[in-house]
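Work through the exercises below. Try each task before reading its solution.

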Amino acid sequence: MGEAGQSPPREPDEEVLGRVFLGRVIEPGDEVGGRWVREFGVGEVVRRVKGGGPALPGVGQVRWAGLVARAARADPERDLALARAAGARFVAPGDPEWPGQLDDLADARPLGLWVRGRPSLRMWALRSVAVVGARACTAYGTHAAATLAAGLTERGWVIVSGGAYGIDAAAHRGALAAGGATVVVLAGGVDRPYPRGHTNLIERIAHQGLVIGELPPGDHPTPSRFILRNRVIAALTRGTVVVEAACRSGSLATARAAQRLGRHTMGVPGPVTSALSAGVHELLRGEATLVTDAAEVAELVGDMGDLAPPRTGPVLPRDLLTPAARSVLDALPGDRAAPAGEIAPAARTTPDEAIARLYELRALGYVERHGVGWKLTRQAVISARTGRPPR
């Protein structure tokens, strides 16, 4: 095993070469291609598209001709060489580093993943959470995503996102700032950071974390590839948190994929007047769970016993009184002194018991004696308004 917990590099076998080859031919998430691989095997699919003979089942002649044309340009040895030059490796199903949870995608499972970075993808994915959301986010969304990511990394979770502007970048930066682990899943080649404005961020993640993608080196993202990339984010992680998303946000595709896969789906609520949170609120009206901080996320996706602290208001000084003393205190008139005989019925107790409780309240500064009567102190009135104990 190497320093990063990976197997030592070895010469690619025919299965790996075939998967790299098909990565140039079959688009990510193509379930028809995935079914071919499952039913016929990698070697037979490679042979058929290279030979250009009769089409495999499930596609017409025009599409088959396009696949054959792609196959004529595929060169797996060149792709592996380009990947090595970029510090990347190819991880295929069956490899010790392959995350088994990706198999839940069935025929939409990636043919393999290109990986930059030293850690083991399988080990990091075991305890990971996706944090995704709007590109055009607000300051509130940026703060919420960064704080959430930092809090999760401090609890030992790996943050996975797509490296896009807005919420994705805030999540990655929050994890890095906390000295934590983060994975960026690209919709293009791992040697082509995208968006270009995040080149430095993605390069930093490649050194400190992991950069992964389905597309071979040099390939560029397209709108459809962004959507298909989201299924990998959802399958790779234990749950997906959406922070700010409009009703047509692409990040909602990640949440829906997580729901289909039986993963936890969570949303951070925003202002009801914000269109950028409308998509999140729609998720929350369905099967998603509302979360507000890292502790609540960890409680949902973590192990038994990872409980978030209970949410309570501040403890007021009068909350610490015994029920009997609190009843007597509540029975005192607010504007005058009253004898124990008048206070007792209102407190539903006897005069003797009322006197005993009044002396306790006197010691604590809540009441004072006026002749035969008892009256609230000025400090007790202020305490009732401010929550501070009487002096």
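**Exercise 1: a helix pair**

Task: classify the packing of helix α2 (residues 31-40) and helix α3 (residues 42-51), whose axes come within 6 Å and cross at roughly 120°.

Solution. The model is predicted: local features need pLDDT of at least 70, side-chain atom pairs need 80 or more, and totals for chains, interfaces and linings use all residues. Residues are numbered from 1 along each chain as its sequence is written, and side-chain values use heavy atoms, without hydrogens and water.

Step 1. Apply the angle classes: under 35 degrees is roughly parallel, over 145 roughly antiparallel, 65 to 115 roughly perpendicular, and the rest oblique. α2 and α3 are therefore oblique to each other.

Step 2. List the contacts (heavy atoms within 4.5 Å). From α2 come W36, V37 and F40; from α3 come V42, E44 and V45.

Step 3. Sort these residues by class: five are nonpolar, none polar and one charged.

**Exercise 2: an aromatic pair**

Task: count the aromatic pairs, then classify W36 with W64.

Solution. Step 1. Rings of Phe, Tyr and Trp (its six-membered ring) pair if their centres lie within 6.5 Å; planes under 30 degrees apart are stacked, over 60 edge-to-face, the rest tilted. This rule gives four aromatic pairs.

Step 2. The ring centres of W36 and W64 are 5.9 Å apart and the planes stand at 80°, so the pair is edge-to-face.

Step 3. Place the residues. W36 sits in helix α2 and W64 in helix α4 (residues 61-73), so the pair ties together parts 28 residues apart in sequence.

Terms used: Axes fitted to C-alpha atoms, helices over the stretch in contact; angles between N-to-C directions. Helix = DSSP H or I, 4+ residues; strand = E, 2+ residues; numbered from the N terminus. Nonpolar A, V, L, I, M, F, W, Y, C, P; charged D, E, K, R; others polar.
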